[in-house]
Amino acid sequence: MNRLQNEQSAYLRSAAHQPIHWFGWGEEAFATARAQQKPILLDIGAVWCHWCHVMDMESYENDAMANIINDHFVAIKVDRDERPDVDARYQAAVSAIAGQGGWPLTAFLLPDGRVFYGGTYFPPNDRYGRPGFPKVLLALAEVFKNDPTKVLQNADEVEKFTRNYLSRSSDNDEFSPRLIQSALNAVSREHDVRYGGFGTEPKFPHASAIELLLQKYHATGEQWMMDTVNRTLRAMAKGGVYDQLGGGFHRYSVDEKWIVPHFEKMLYDNAPLLSNYVHAFQATGDPFFRLVALDILRYVKEVLSDQAKGGFYASQDADVEFGDDGSYFTWTIDDARAALSPEEFQVAQLRYNIFEQGEMPHDQRQNVLFVDKSPDEIAHSLQKPLNEVMLLLEQAKEKLRIARNKRRAPFVDKTIYASWNGMMISSYLE
C-alpha cells in the first residue's frame with residue numbers, strides 16, 4: 001500500500017494498492033521533487049471517470065510502467081471533485097499544450113509546480129494516434145535531465161497562457177444586460193430542433209441554459225423559449241441518458257439523440273436538472289415534467305443520500321469493474337425475456353426498443369433502455385386495449401427494476417461536498 005491509503009478521497013484510496021509511490025496533493029510532494037531534482041507526474045481524475053479507470057488498469061497498475069515512474073518522477077494523484085481549484089489551473093495549462101483538457105488529466109511539472117508538458121489519456125502503447133505512455137515518460141525524463149533550457153522555456157510559455165486565461169475568466173468587470181442577450185442568442189443558435197439540447201454529439205444537459213430560458217420565458221412570454229425547453233427536457237427524459245428504471249440522469253450522451261450515455265450519475269447534474277423539471281411543470285402544468293422530477297427525487301433518496309445522518313453523496317460510477325462500460329444499466333434481449341412474462345415482454349420490447357442488436361458499440365447485444373413508442377402506439381400496434389397496455393408496462397418496468405437490483409451495483413462515492421449539497425438542497429426546496 002502506498003501513501004494514498006490514508007486519504008479521504010475514494011478515488012485516491014482506490015489507487016492505494018498501485019505499485020507507484022503516489023503522493024497526495026501537498027507540500028511533501030513538491031519538497032521531494034525539489035530535493036531529488038525530479039519532474040512531477042500529476043494525474044487528475046475522479047472515481048466516476050471511465051477513462052481514469054482504464055489508465056489506472058493499463059498503466060498505473062503495471063509494474064514495468066511503475067518502475068519508470070518511480071525512477072524518474074515524483075508522482076501526485078488528485079481527485080478533481082475534492083480539489084476543483086487544482087483541476088481548474090492544470091486544465092487550463094494542459095489545454096494550452098494539447099488543445100483540450102479532460103480526465104484523466106496527465107500533466108508534467110517542474111518541481112515548482114509549473115507545467116512543461118501534458119495531455120489527457122495516454123495508452124500503454126502507440127494507439128489511437130497517440131504515443132504510448134512509456135515512450136512519453138522516458139522522452140520527458142530525458143529532456144528534463146539533458147535540456148533544462150527547453151523545459152523552462154515551455155513552462156514559461158504555458159504559465160503565461162494560464163495566467164492570462166485565468167485572469168480573463170475571473171475578472172470583475174461590471175455586469176451588462178448585453179451578456180444575457182448574448183447568451184440567449186447563442187442558445188437559440190445552438191439549439192437542435194430535431195432532438196433537443198444544444199450543439200451536436202456529445203450532448204450535455206446544460207441545465208443552466210435551460211434555467212435561463214425558463215426565467216426569461218416567465219418574464220417575457222416569448223414562446224420560442226418554452227418550445228426549446230419543452231423539446232429538450234422531453235427528449236432527455238425519454239432518452240437513454242435518463243435512467244428509465246432507476247430514475248436520475250447520467251452525465252451526458254455520446255450521440256445527438258440522447259440514447260447512449262456515459263453512465264456515471266453526478267449529484268451536481270441531477271440537482272439543477274431537478275430544478276429544471278420543477279420549473280417546467282410550474283410553467284406549463286404538464287404532469288410529464290412533474291413525474292420526472294419525482295423520479296429524480298426517488299433516485300437521489302434511494303442511492304445518493306444518507307437517510308440516517310443527512311447529506312447527499314457525490315456520484316455513482318458508470319462501471320462495476322474494469323471494461324464493463326455500463327453493463328449494470330443495459331439489457332440483452334434474453335435478459336429482458338427472463339425477467340418478464342411473454343405479454344410483459346411484448347409491450348416492454350416496443351416501449352424500450354429491446355432487440356437482438358442493441359446500442360452499445362463494445363457489445364451490440366446490449367440495449368440501452370429509452371422510450372421508443374408511446375402506450376397509444378403500442379396499443380395500436382398490438383391491437384390491445386390501452387388500459388391493458390398501461391398495466392403491462394407498469395408491471396414490466398417494476399419487474400425489470402427488481403431484476404436489475406439483483407445485479408452488483410456501481411460504486412457510490414459517499415463523499416459529501418458542501419457546494420453540491422447546497423445545489424441539491426436548493427432543488428429539494430424548489
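Q: What makes a run count as a helix, numbered from the N terminus?
A: A helix is a DSSP run of H or I with at least four residues, and helices are numbered from the N terminus. In this predicted model, helix 10 (223–238), helix 12 (287–302), helix 14 (342–352) and helix 16 (386–405) each supply at least two residues of the lining of the largest pocket.

Q: What makes a residue part of the lining of a pocket?
A: A lining residue has an atom within 4 Å of a point of the pocket. The largest pocket, with a volume of about 1,100 Å³, is lined by 33 residues, of which K238, Q244, F288, R351 and V371 lie nearest its centre. Helix 16 gives the largest share of this lining, six residues.

Q: Why is strand 1 (residues 40–45) called mostly covered?
A: A residue is called buried when its relative accessible area is under 20%, and six of the six residues of strand 1 are buried, so the strand is described as mostly covered. I40, L42 and I44 point one way from strand 1, whereas L41, D43 and G45 point the other way, and all are buried.

Q: How do you know that strand 1 pairs with strand 2 (residues 74–79), and in which sense?
A: Two strands pair if DSSP finds at least two bridges between them. Strand 1 and strand 2 have six bridges, in the parallel sense, and therefore count as paired; the bridge partner of I40 in strand 2 is V74, and I44 stands opposite V78. With strand 3 (residues 105–109), strand 1 pairs in the antiparallel sense over five bridges, and here D43 stands opposite T106.

Q: What is the order of the strands in the open sheet, and which strands stand at the edges?
A: The open sheet of four strands has the order 2-1-3-4, with mixed pairing. Strand 2 and strand 4 (115–119) each have a single partner strand, so one side of each is left without a neighbour in the sheet, and these two stand at the edges. Helix 6 (residues 133–146) packs on this sheet, touching strand 1, strand 3 and strand 4, and its direction makes about 20 degrees with that of strand 3.

Notes. Residues are numbered from 1 along each chain as its sequence is written. This is a predicted model: local features need pLDDT of at least 70, side-chain atom pairs count only at pLDDT 80 or more; totals for chains, interfaces and linings use all residues. Side-chain values use heavy atoms; hydrogens and water are left out. On a 1 Å grid over the protein atoms alone, a cavity is a set of points where a 1.4 Å probe fits but cannot get out, and a pocket is an open set with protein on both sides within 12 Å along at least five of seven lines; lining residues have an atom within 4 Å of a point. Grid points are joined across faces, edges and corners, and a volume is the space filled by probe spheres set on the points. Buried means under 20% relative accessible area, exposed over 50%, partly exposed in between (1.4 Å probe, protein chains only). Contact means heavy atoms within 4.5 Å. Axes are lines fitted to C-alpha atoms, for helices over the stretch in contact, and angles run from 0 to 180 degrees between N-to-C directions.
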